Amino acid sequence: GMFTRRSSFADVPYLALPGINSRVSYSVTSQHSIHSDLESSLFLQTTDVTLMPSFTPALLRATFAALLSAFQFGYNNGNMNTQAGVMREALSLPSVADDGTALPGNDSVWGFCVSVFCLGALVGCNLSGQLADRWGRKRFLLVNNMIFMIGGVLEALSFLPECSCAHAQTALPTFATLSGSTTDAVPIDDGPCVCTTRVLALIFGRCVSGVACGCATVVVPMYLGEISPPQLRGSLGTAFQLTMVLAMLIAQVLGLEHFMGTPSLWPFILALVCFPAALQLLLQSWLLESPRWYVMAGMEVPAEDILMQLRDTPIDDPQLQEELFCMVEACAEVSSAGPVTGLHSHVPSPLGSHHAHPGMPSPHGPANGRSDSGELHNMKGVGRRSRTLASLLFDPSLRLPMALAVGLMFVQQWSGINNAFNFSSLFLSQNNIDDETIMWIAVSMNVGNVIITALSVYLMDRAGRRVLVLGSMASMIIATGMLTAALVMPGHSWTAPLAVVSVVAFVASFGIG
């Protein structure tokens with residue numbers, strides 16, 4: 001019979017997310033809950049499905065190339081913690097003055113240098129979807145590499161502009177000095193002055209890096225989900241998470257004093273992000289364009305060719321044609337939902353028009369009374385359409401899922417996990433923990449994060465999402481309470497061990513949920 005939306009491919013979202021594997025059957029027969037247009041009721045339909053081979057050479061190459069963007073995101077998210085001490089000295093932002101007086105103003109400036117990364121990420125997240133739809137996933141990721149490289153270079157160049165500071169020991173000439181100005185040093189809390197030229201260079205670089213990271217978090221899971229078969233979208237979502245946390249671990253290790261966390265080498269830690277960016281540019285032939293993006297653009301023939309490479313199957317393979325049909329029909333449904341977002345077709349060729357095979361149903365052929373001039377054919381040359389935010393808000397069936405999704409994302413972003421990764425060295429040192437111990441705690445925290453991320457994927461389908469999310473929140477609340485007690489009552493013999501345990505427990509709890 002004809003391919004329909006009852007297909008095993010139809011209900012799996014085109015997004016790489018951990019835990020999505022449980023929605024796809026690995027056996028020959030799978031069951032799906034579908035909606036009958038004739039009966040307007042839910043029923044179970046059993047379809048015979050033989051899942052194609054999982055990883056193919058083309059898919060592995062494309063996945064590796066795309067995950068380089070995930071690596072850059074994780075690296076940028078973790079490269080400001082363990083070497084924070086030497087960086088602050090270079091920027092004339094010590095946490096204490098020579099006489100031991102605390103300098104909270106310097107802490108605020110340093111905090112802004114680190115957190116401005118999130119402002120850039122906010123911009124990148126909001127712009128990336130539309131640009132990736134307009135340019136294509138591959139072109140967008142390649143352009144985003146240039147942004148990564150610009151951000152990394154700007155951050156590393158923050159050691160070059162020198163300033164004439166108030167302290168003779170930290171007096172450093174700057175760009176402004178070279179131009180005849182001597183007003184680039186600003187005293188903070190009557191302590192060592194801040195080398196504003198260096199600080200501004202770092203802030204600008206962190207903001208640019210944040211834009212690139214925000215773009216990567218949106219487009220990479222989208223790309224991985226669109227190139228992978230349904231049964232692998234959960235695995236590739238896990239690969240994205242693991243690549244990210246592994247990159248954070250590498251950044252933290254490189255920041256140790258035993259490696260590159262020294263006054264002369266810390267700029268190279270920031271610049272190292274250019275290497276995976278350059279590698280992805282060199283491997284751009286591995287980064288195949290998303291077949292679904294081609295379908296969205298009305299270019300079905302290139303989509304078919306790319307899908308053949310990714311699945312390593314001939315054009316007449318029924319499962320390949322079924323998957324391609326589901327892409328076309330899904331895009332056709334989306335195209336009738338809202339205003340055009342600006343993507344237009346330039347190759348109005350029918351799906352499989354030059355690949356007809358006897359005995360195999362055409363994915364765009366007559367089905368349920370439709371012909372080539374019907375709904376699917378009419379989508380060619382039409383811009384991709386998407387539902388507006390207003391339509392989502394006023395759709396009663398979507399209000400609860402949307403509220404839950406937005407609420408969970410709000411809790412995640414306000415949980416303070418970024419503070420744990422970026423400022424753990426600071427608040428542990430304030431609890432009289434020696435620098436050597438702090439460095440290894442930071443590394444252990446990231447090793448635990450990698451392990452917990454892998455463990456949470458294993459537990460997701462066994463313990464259930466709800467249990468993991470609620471357990472994670474409860475554990476984070478307890479860990480936060482322990483950390484608060486350690487911070488507000490310093491000087492006791494138990495505060496240092498409590499701070500260590502609470503930070504590690506907080507990160508582990510976050511990873512589970």
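**Serine 158 and the cores**

Analyst: Of the 513 residues in this predicted chain, 48% count as buried. The chain has 19 helices and four strands. It exposes about 23,200 Å², with 66% of that supplied by carbon and sulfur atoms. Among contacts with a separation of 6 or more, 74% join residues 24 or more positions apart.

Now serine 158. It is found in the loop between helix H4 (137-156) and helix H5 (175-178). Serine 158 counts as buried because its relative accessibility is 0%, against a cut-off of under 20%. Its side chain reaches the backbone oxygen of glutamate 155 at 2.6 Å. Beyond its neighbours within four places in sequence, serine 158 is in contact with Leu91, Arg198, Ala201, Leu202 and Trp266. Take leucine 91: 67 residues separate it from serine 158 in sequence, yet the C-alpha atoms are 8.3 Å apart.

Next, the nonpolar cores. The largest has 60 residues, and Tyr75, Phe148, Tyr223, Leu224, Ile227, Leu287 and Val295 touch the most other members. Helices that each supply at least two residues include H4 and helix H6 (196-227). H6 gives the most, with 10 residues. Leucine 287 is in contact with Tyr223, and also with Ala62, Ala65, Ala66, Lys138, Leu141 and Leu142, leaving aside neighbours within four places in sequence. Another core, of 40 residues, lies apart from the largest one; Leu202 is among its members, as are Ala420, Met476 and Ala496.

Key:
Residues are numbered from 1 along each chain as its sequence is written. This is a predicted model: local features need pLDDT of at least 70, side-chain atom pairs count only at pLDDT 80 or more; totals for chains, interfaces and linings use all residues. Side-chain values use heavy atoms; hydrogens and water are left out. Buried means under 20% relative accessible area, exposed over 50%, partly exposed in between (1.4 Å probe, protein chains only). Contact means heavy atoms within 4.5 Å. Accessible areas come from the Shrake-Rupley method with a 1.4 Å probe; for residues, only the protein chains shown count as cover. A polar contact is a pair of N or O atoms within 3.5 Å; within protein, one must be able to donate a hydrogen and the other to accept it, and residues adjacent in sequence count only if both atoms are side-chain atoms. A nonpolar core is a set of buried Ala, Val, Leu, Ile, Met, Phe, Trp, Tyr and Cys residues joined through side-chain atoms within 4.5 Å.
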